[in-house]
Amino acid sequence: MTRRELGKLAAAGSAAFLPAARAGAQEKYSGALDGFTERVDSAAFDPVIYTRKLYESAPLRLTFRAQNRKQAEAWQKRLRAKLTELVGGFPAPAAALQPQTLETRDFPSYRREKFVFESRPGMWVLGYLLTPRESAPPHPAMICVPGHGRGVDDIVGIDAQGRDRTGKPGYQHDFAIQVVEHGMAAVAIEPLGFGCRRDPVTRKKGAEATACQPSAGAALLLGQTMVGWRVYDVMRAIDWIETRKDLDARRVGCVGISGGGEVTTFAAALEPRIRVAMISGYLNTFRDSIMSLSHCIDNYVPGILNWAEMYDVAGLIAPRPLFVESGMRDDIFPVEASRRSFAQVRKVYEIFDAGDLCQQEVFNDIHSFYGVQGLPFLAKHLMSPA
């Protein structure tokens, strides 16, 4: 008997011991449970199903239960203190800003200034200030926070080669320019881990590569969080606005898309100087988005479900004007969960007798910035006298 004939005989013999699902050459191997699905519960091996079951017993000790305004204000005070603790706290005292203007350029309808300031000792922030040319200072100012991508360039009209562009492509649609087109100043800041605020290893991977990891992981190792770091940058941007005679520090708002929407949510919840907020492509539930889908590590706050859901965090913005927009075909932040979360936030506003100041637009598109109703909402509430 030849070696080839022996090999065929051995293969035929081993096949007899394989489960039926694997014995046929036509079946593609999908995992170690192939052929055993009738003997085990496949769902019991699914970690997402497991964590959702855990969610059902999450304490949510400080979820909103107030029945009147006095109780609601007391709830906000307690949850705001706990949330500050959960994101890692904020430095005190604040470091000197040491602001510098790097460049100023004029465009047909606005002026764009590139600036930097020191947020924490040894950690600098880059930003762009866009001011409308047709209105007189001091201008109301919207702090604009981009989502994942190239960073702040992607919302102020700068393409991947550093050139000016005339269109508004991408999912963020240069929304800082849209802000200034609606008559407000835009203070667009570079989030930590994006653009120029990345490590050399990440920069070599290209303009779209973000450095949320390893820095967000490092934050967790230090008992802090990336969202806490980014929120503090927003707070320091307000400090910077307060140094500018051409900006009105009494009329400051915050707007962001996706990861920038996360920063906007937490910043407006924790920073009372933010007078109006717009959350684009983020407001949802931790259950249906952050813990059920693959997200960047910068979205996670350790232990938060012991105390509150995402709608509770957004409820800390009340009664200040809040606009939320959600894409009907957003596969990152499912729209039905966005609707339910917004309904919970609206209950907080109603307790404050401010239901009209909390609005949502659901638009027929994917995960993207829209702004059709949101930007006029911001202009209406921010451009009125403080």
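**Cysteines first, then rings and charges**

Modeller: Let's begin with Cys254: the closest cysteine sulfur belongs to Cys144 and is 7.9 Å away, which is too far for a bond. Keep in mind that this is a predicted model. A disulfide is a covalent bond between the sulfur atoms of two cysteines. To count as one here, the sulfurs must be within 2.5 Å, so 7.9 Å rules Cys254 and Cys144 out. Cys254 is also buried, at 0% relative accessibility. Now look at Cys358: this residue is in no disulfide either, and its nearest cysteine sulfur, that of Cys254, is 16 Å away. Cys358 is buried too, with a relative accessible area of 0%. For the structure as a whole, the disulfide count is zero.

So what about the rings? There are nine aromatic pairs in the structure. One of them joins Tyr282 and Phe333, edge-to-face, with 5.5 Å from centre to centre and 65 degrees between the planes. Tyr282 comes from the loop between strand E7 and helix H10, while Phe333 comes from the loop between strand E8 and helix H12, so the pair ties together parts 51 residues apart in sequence. Both partners are tucked away: Tyr282 is buried at a relative accessible area of 1%, and Phe333 is buried at 3%.

Next come Phe323 and Phe377, whose ring centres are 5.3 Å apart; with the planes at 50 degrees, the pair is tilted. Phe323 is part of strand E8 and Phe377 part of helix H13, so this contact links parts 54 residues apart in sequence. Both of these residues are buried.

Rings can gather in groups as well, and Phe115, Phe117 and Trp240 make up one aromatic cluster. Helix H8 covers residues 226–241, and 16 of its 16 residues are buried.

The charged end of Arg61 sits over its ring, 5.0 Å from the centre, and Lys82 lies over the face of Trp307 at 4.2 Å from the ring centre.

That brings us to the salt bridges, and a search of the whole structure turns up 26. In one of them, Asp154 meets Arg150 at 3.0 Å, N to O. Are those two buried or exposed? Asp154 has a relative accessible area of 13%, so it is buried, and Arg150 is buried at 9%. Compare Glu336 and Arg339, whose side chains form a salt bridge at 3.4 Å, N to O. Glu336 is partly exposed at 47%, and Arg339 is partly exposed at 35%. The two share helix H12, three residues apart, about one turn of the helix. Glu271 is buried at 7%, whereas Arg273 is partly exposed at 28%.

How values were computed. Residues are numbered from 1 along each chain as its sequence is written. This is a predicted model: local features need pLDDT of at least 70, side-chain atom pairs count only at pLDDT 80 or more; totals for chains, interfaces and linings use all residues. Side-chain values use heavy atoms; hydrogens and water are left out. Helices (H or I, at least four residues) and strands (E, at least two) are DSSP runs, numbered from the N terminus. The expected span of a helix is 1.5 Å times one less than its number of residues. Buried means under 20% relative accessible area, exposed over 50%, partly exposed in between (1.4 Å probe, protein chains only). Rings of Phe, Tyr and Trp (its six-membered ring) pair if their centres lie within 6.5 Å; planes under 30 degrees apart count as stacked, over 60 as edge-to-face and the rest as tilted. A charge sits over a ring if NZ of Lys or CZ of Arg is within 6 Å of the ring centre and within 35 degrees of the ring normal. A salt bridge is a side-chain nitrogen of Lys or Arg within 4 Å of a carboxyl oxygen of Asp or Glu.
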